[in-house]
Amino acid sequence: MASRIASCTCGQLSITVHGKCLGNGICHCLACQSRTGSAFATLGAWPAPFEVKGEATQYVRTGDSGAQFRFNFCPVCGSTVFHTEESTGDFVMVAIGCLSDPDFPAPQDSVYDSRRHHWVTLPESTAVYDKDPE
């Protein structure tokens, strides 16, 4: 089974995921823009189980649908490395940039496209949703 390691900028916090990525996408919601300091967040989903090394500071945010998400970021460098949904332990969402893999596949979907910055261009194959289709 293939494994991947995603880590923060300073290397203190990392997560090892196993198997094939279940899907990847971009989120343009205002919360993700604020959380990342960027115009969007790029995320990939992997099935449980996964292993975490290092210490994480956590922040729980309630999404538009009422679901709660637990974000794990490094208390040293501040990188958000991964998050989970409180109601399920079936998968983990990993920040694609923390994988340090420029060959990672293009996003399959784009959510909260209504908040996308006008200068962000998506690959033609990307499914686009005005909000989160959940």
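**Figure 1. Overall view of the predicted model.** Among contacts between residues at least 6 apart in sequence, 50% join residues at least 24 apart in this protein, whose structure is a predicted model. The secondary structure comprises 1 helix and 11 strands, and from the N terminus on the elements follow the order β-β-β-α-β-β-β-β-β-β-β-β. The C-alpha trace spans about 35 × 30 × 30 Å along its principal axes. A compact globule with 134 residues would have a radius of gyration near 14 Å, and the protein has 14 Å, so the two agree. Of the 134 residues, 40% count as buried, while the protein exposes about 7,600 Å², of which carbon and sulfur atoms supply 51%.

**Figure 2. The open sheet formed by 3 strands, in the order β1-β2-β5.** The pairing in this sheet is antiparallel, and its edge strands are β1 and β5 (51–53), each of which pairs on one side only. On average, neighbouring strands of the sheet are turned by 20 degrees against each other, direction ignored. Strand β1 (residues 3–7) pairs with strand β2 (residues 14–18) over 5 bridges in the antiparallel sense, and within this pairing Arg-4 stands opposite Val-17 in β2. The hairpin of β1 and β2 has 6 residues between the strands, and Gly-11 takes a positive phi near 90 degrees there.

**Figure 3. The open sheet formed by 8 strands, in the order β6-β7-β8-β9-β4-β3-β10-β11.** Here the pairing is mixed, and the edge strands, each pairing on one side only, are β6 (57–62) and β11 (127–128). Strands of a sheet pair through backbone hydrogen bonds, either parallel or antiparallel. One of the pairings in this sheet is that of β4 with β9, which is antiparallel and extends over 5 bridges; in this pairing Ala-45 stands opposite Met-93 in β9.

**Figure 4. Strand β8 and its pairing with β7 and β9.** All 6 of the 6 residues of strand β8 (residues 80–85) are buried, so this strand is largely enclosed by the rest of the structure. Strand β7 (residues 68–73) pairs with β8 in the antiparallel sense over 5 bridges, and the bridge partner of Arg-70 is Thr-84 in β8. The hairpin that β7 and β8 form has 6 residues between the strands, and Gly-78 in its turn has a positive phi of about 90 degrees. Strand β8 is also joined to β9 by 2 bridges, the two strands running antiparallel, and His-83 has Met-93 in β9 as its bridge partner. A hairpin is formed by β8 and β9 as well, with 5 residues between them.

**Figure 5. The aromatic pair of Trp-46 and Phe-104.** A search of the whole structure finds 2 aromatic pairs. In the pair shown, the ring centres of Trp-46 and Phe-104 are 6.0 Å apart and the ring planes stand at 50 degrees, so the pair is tilted. Because Trp-46 lies in strand β4 (residues 41–47) and Phe-104 in the loop between β9 (91–95) and β10 (109–111), the pair ties together parts that are 58 residues apart in sequence. Trp-46 counts as buried at 1% relative accessibility, and Phe-104 is buried too, with a relative accessible area of 12%.

Figure 6. Most residues other than glycine have a negative phi, and most peptide bonds are trans.

How values were computed: Residues numbered from 1 in each chain as written. Predicted model: local features only at pLDDT ≥ 70, side-chain atom pairs only at ≥ 80, totals over all residues. Heavy atoms only, no water. Pairing = 2+ DSSP bridges. Helix = DSSP H or I, 4+ residues; strand = E, 2+ residues; numbered from the N terminus. Axes fitted to C-alpha atoms, helices over the stretch in contact; angles between N-to-C directions. Rg over C-alpha atoms; globule rule 2.2 N^0.38 Å. Buried < 20%, exposed > 50% of the residue type's maximum accessible area, 1.4 Å probe, protein only. Contact = heavy atoms within 4.5 Å. Areas by Shrake-Rupley, 256 points an atom, 1.4 Å probe, with all protein chains shown as cover. Phe/Tyr/Trp six-rings, centres within 6.5 Å; stacked < 30°, edge-to-face > 60°.
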